[in-house]
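Hi,

Here is the model I promised to pass on.

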Amino acid sequence: MKMFVDPSDIYLYLDAVDFRKSINGLIIVVEQQLELSPFMDALFIFSNKKRDKLKILYWYKTGFALWYKRLEKQRFKWPTNDQLSRLVLSEQQLNWLLGGYDIIGHRPLQYQSVSL
């Protein structure tokens, strides 16, 4: 992912997040659920329940930044594991996720109809 940050770690939060949460709400998830510092050199990735939106939270020099992506005709292939709350991704896996691929099996995501 071409950004103006080069994070040392990329964390994928596996549970769905209420997307009314903005920076402060996501910081609380990082601190309480992931038990990590939101100030570390890392990206924290969250998805909504329908898995058609994601938010990426990160600390950038003097403050937090929030990156948002919404898919119009498909859903993110989100890994599930009842034993884990997070998954550490490589930069390549992040690129696959943002590009519409299954980050575990490297398969393109299947299109699903979106009702408006």
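**Aromatic pairs**

Tyr13 and Phe46 are both buried (buried means under 20% relative accessible area, exposed over 50%, partly exposed in between, with a 1.4 Å probe and protein chains only). Before I go on, a word on where this comes from: it is a predicted model, so local features need pLDDT of at least 70 and side-chain atom pairs count only at pLDDT 80 or more, while totals for chains, interfaces and linings use all residues. Residues are numbered from 1 along each chain as its sequence is written, and side-chain values use heavy atoms, with hydrogens and water left out.

A search of the whole structure turns up 6 aromatic pairs (rings of Phe, Tyr and Trp, the last by its six-membered ring, with centres within 6.5 Å; planes under 30 degrees apart are stacked, over 60 edge-to-face, the rest tilted). One of them is Tyr13 with Phe46: the ring centres are 5.7 Å apart and the planes sit at 55°, so this pair is tilted. It links distant parts of the chain, with Tyr13 in strand S1 and Phe46 in strand S2, 33 residues apart (helices, H or I of at least four residues, and strands, E of at least two, are DSSP runs numbered from the N terminus).

Phe19 and Tyr68 make another tilted pair, at 6.1 Å centre to centre and 50° between the planes. That one also joins distant parts of the chain: Phe19 is in the loop between S1 and helix H1 (23-32), Tyr68 is in strand S4, and 49 residues separate them. Phe19 is buried at 19% relative accessible area, whereas Tyr68 is partly exposed at 43%. Phe19 also has the charged end of Lys55 over its ring, 4.8 Å from the centre (NZ of Lys or CZ of Arg within 6 Å of the ring centre and within 35 degrees of the ring normal). Elsewhere, Phe39, Trp59 and Phe64 form one aromatic cluster.

Asn48 is in the loop between S2 and S3 and is buried, with 8% relative accessible area. Its side chain reaches the backbone nitrogen of Arg51 at 3.1 Å and makes a 2.7 Å polar contact with the side chain of Asp52 (N or O atoms within 3.5 Å; within protein, one able to donate a hydrogen and the other to accept it, and residues adjacent in sequence count only if both atoms are side-chain atoms). Beyond its neighbours within four places in sequence, Asn48 is in contact with Ala16, Val17, Phe19 and Lys53 (heavy atoms within 4.5 Å).

Asp52, buried at 9%, also forms a salt bridge with Lys53 at 3.7 Å, N to O (a side-chain nitrogen of Lys or Arg within 4 Å of a carboxyl oxygen of Asp or Glu). The structure holds 3 salt bridges. Another joins Asp18 and Arg20 at 2.7 Å, where Asp18 is partly exposed at 34% and Arg20 is exposed at 74%. Glu72 and Arg70 are also bridged, with their closest N and O atoms 2.7 Å apart; Glu72 is partly exposed at 48%, and Arg70 is partly exposed at 49%.

**Helix H2**

Which residues of helix H2 (residues 91-98) are buried? They are Gln93, Leu94, Leu97 and Leu98. Down the helix axis they fall within an arc of 135°, so they line one face of H2 (the arc is taken from the directions from the axis to the C-beta atoms). Their cover includes strands S1 (9-16), S2 (42-47), S3 (53-60), S4 (63-70) and S5 (86-89). After H2 comes Gly100, with a positive phi near 95°.

Cheers
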